[in-house]
Amino acid sequence: MFDWWGRAVVRARWAVLAAAVALMALGATWGTGVFGQLSGGGFADPASESSRTAERITAELGRQGADVIVLWSSDTATVDQPAFRDPVAATVAALRQRPEIDSVTTFYDTPAPHLVSTDRRATYALVQLDGVDEDARAEAYDAVRPAFDAPGLRTELGGAVAFQRYANEQTTEDITRAELLSMPVLLALLVLIFGGLVAATTPLLVGGLAILGAFVAVRLLNMVTDMSIFAINVITLIGLGMAVDYALFVVSRFREELAAGRDTAEAVRRTMATAGRTVLVSGLTVALAMASLLVFPQPFLRSMGLGGMAAVLVAMLAALTVLPALLAVLGRRVDAVRVPVPWRRGAGRGRPAQAATSGAWARIARSVMRRPVPYLVGVALILGLLATPFLRAEFGGVDERVLPADAGPRVVSERIAAQFPGGTIAPIDVLVTGVPADAVGPFADRIAAVPGVTGVRVAATRGASTLLAVAYPGEPTGDAARDLVGDLRALPAPDGARVLVGGRPGVDRDLLGSLGDRLPWMALLMAGATLLLLFLAFGSVVLPVKAVLMNLLSIGASFGVVVWIFQDGHLSGLLGFTSTGFIEPSNVILMLAVLFGLATDYEVFLLSRVREEWDRTGDNTASVAAGLQRTGRIITAAALLLVIVVAGFATGAMAYIKLIGIGMIVAIVVDATLVRALLVPATMRLLGRWNWWAPGPLGAVYRRFGIRESDDPAGPGAGGAAEQAAPDAVEPEPAGPESRHPAFIG
């Protein structure tokens, strides 16, 4: 298939490039309009009890709870003095005239003690904004934000909408800064890696196509389903990362074919027949890893899954169409505008076959395979040590502590917790329906007697529906608050009544439960897709299983480092964040999907060349050495460039952006060095001919449907080792000295 595809792209190269220009124009104009259409919420499970509670409260009592908390304070005046009371009264009166405001509740309207600080120098108002959904209320907040200021008083804004708006703005600022910091460094490294300016621009071209094309895809998806703004973050990261990987692999193979003396058309054909197949397998594997996020009911996770899939698939298609078309036009001019780089002197010229067996990466592989057991044990111990902290991971929801210490929503939350009676801005909501309000009193008393409850008040009542607000000590995202939700849900309801328990702690409890329930299905989908695609690519049942295990090792090391830093608080001063004592689970799930795909991507790059050499020679040790020599520099370069792409995340102000950045850097570095360069050669040496084993029926499936990496199906790989394979195996290693070693006798 890819022989034909390579020839077709060469013939249609100008049409393909014209289509690429059209896609980029569409993405830059219509596609970027997606920014104003995506939603900012979608964190809750629509089927959870907390979501049902919120829906019933709105339907039966009207919308409750504060969208914005306005905290006014003074260093000199108390809330009872005119110097404090009059500015607040004037500000509240003006707010109530604004169309963006539904209601404002203050201490002066209802003398509730929880609205005044214990020193009486601060008070807060509860503001409800006009708007049918989170996006509409966010727009109302932007419009009315300056009107909250009270003359002569310090004004700070908190609450759900203020927190979400600040987090979104800061996240956008962090990612923009990360991209601005990484792009110049990325371009400089690409020039050094390729040794020329023209070749260095190809990954950026594919990356631009991937990002803009994904914007178009997400805008189309948004027409049929709600998409979260967080999809954009994944598109930028995955689109650019995959584009760099695929362009490196394709351009490197094209230059290799040119160096072997082939003309441009033949070099493109052979590049597509080999590297093209690898890109296809990698793209499908990474896309399916991102598709695993679709098993979760939370819209923001599904949006990131769809956004990531769009970016990967567009990057893959661009690498299989636009890039070879461009190479067909450039030909040997791909090496134009050369930059002298000492370590590339003579690269790609001379005797490629000899270089594949005698280069630095081949020597590393042979060194590992001479002593596979010490390498295996040593690397396993290092990875195990890095992963150990993850065994004591604790999970919790996002709260204001992920913001910078001086952020308004965080200041409001911390001051209310420390200085106001009741001490929480997020009470547990208990909705009692089916009985009159006076019958709810005994049930409220039972709630007040539950250990951990510090107060119960009637927040609203209408007909046979009553809303109770339950106060508790500590953070709304803490274990105690979530456990208290469980205790309240376990209380018997009053006779004839129905009770629902929600609020912010209920949302967190339901989120953790939902993610935990769906996580095994996500893992099954990722592992199953990887096993299937790698079997079709390499004709082995052993290598896919080994690939999954290797992925888990590198990801486990990353998660361990994340727990050690962000849960335990190590390096918090240096990195500038506040440890919450737990990890937000959706960040870990997102990292799992992305990192599993990236690790498989590197595995496919390496094993594709190993398989190609195995088809040609049937020598396991020589194949591993040649495969690592051919791909070691590419994998290392791809990892380095991806580290640059995500390194800017670690400089962000948002704690969870730092977490994702640092976690990905650790996983990428570990995977590209310890795992691919050391652990994979060691295990392949120990497995020997069993690397390529498959039962007879599966062997027949591979020979019929396999995505073979040989550039010539009728060449040595087809008539050599394959034809001599035993009936129950796919191309076992010939009976040389290695296969007679006791370790390789099956």
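Arginine 120 is partly exposed in this predicted model, its relative accessibility being 33%, and its side chain meets that of aspartate 80 in a salt bridge with an N to O distance of 3.0 Å. Because aspartate 80 sits in the loop between β1 (68-73) and α4 (82-95), while arginine 120 belongs to the loop between β2 (101-105) and β3 (122-129), the pair ties together parts that are 40 residues apart in sequence. Aspartate 80 is likewise partly exposed, with a relative accessible area of 40%.

A further salt bridge joins aspartate 109 to arginine 96, with the closest N and O atoms 2.6 Å apart. Here aspartate 109 lies in the loop between β2 and β3 and arginine 96 in the loop between α4 and β2, so this contact links parts that are 13 residues apart in sequence. Aspartate 109 counts as partly exposed at 44% relative accessibility, and arginine 96 does so at 40%.

Within helix α17 (residues 479-490), aspartate 479 and arginine 482 are three residues apart, about one turn of the helix, and their side chains form a salt bridge at 2.3 Å, N to O. Aspartate 479 is partly exposed at 41% relative accessibility, whereas arginine 482, at 8%, is buried. The count of salt bridges comes to 32, and a network of them links Arg253, Glu256, Glu257, Arg262, Arg270, Arg609, Glu612 and Arg630.

Glutamate 139, which is found in helix α5 (residues 134-144), is exposed, with a relative accessible area of 56%.

An unreviewed UniProt entry annotates residues 204-329 as "domain: SSD"; this span is 85% helix and 0% strand, and its end C-alpha atoms lie 17 Å apart.

Note on methods: Residues are numbered from 1 along each chain as its sequence is written. This is a predicted model: local features need pLDDT of at least 70, side-chain atom pairs count only at pLDDT 80 or more; totals for chains, interfaces and linings use all residues. Side-chain values use heavy atoms; hydrogens and water are left out. Helices (H or I, at least four residues) and strands (E, at least two) are DSSP runs, numbered from the N terminus. Buried means under 20% relative accessible area, exposed over 50%, partly exposed in between (1.4 Å probe, protein chains only). UniProt positions are given in the numbering used here, feature names are shortened, and annotations may be inferred rather than shown by experiment. A salt bridge is a side-chain nitrogen of Lys or Arg within 4 Å of a carboxyl oxygen of Asp or Glu.
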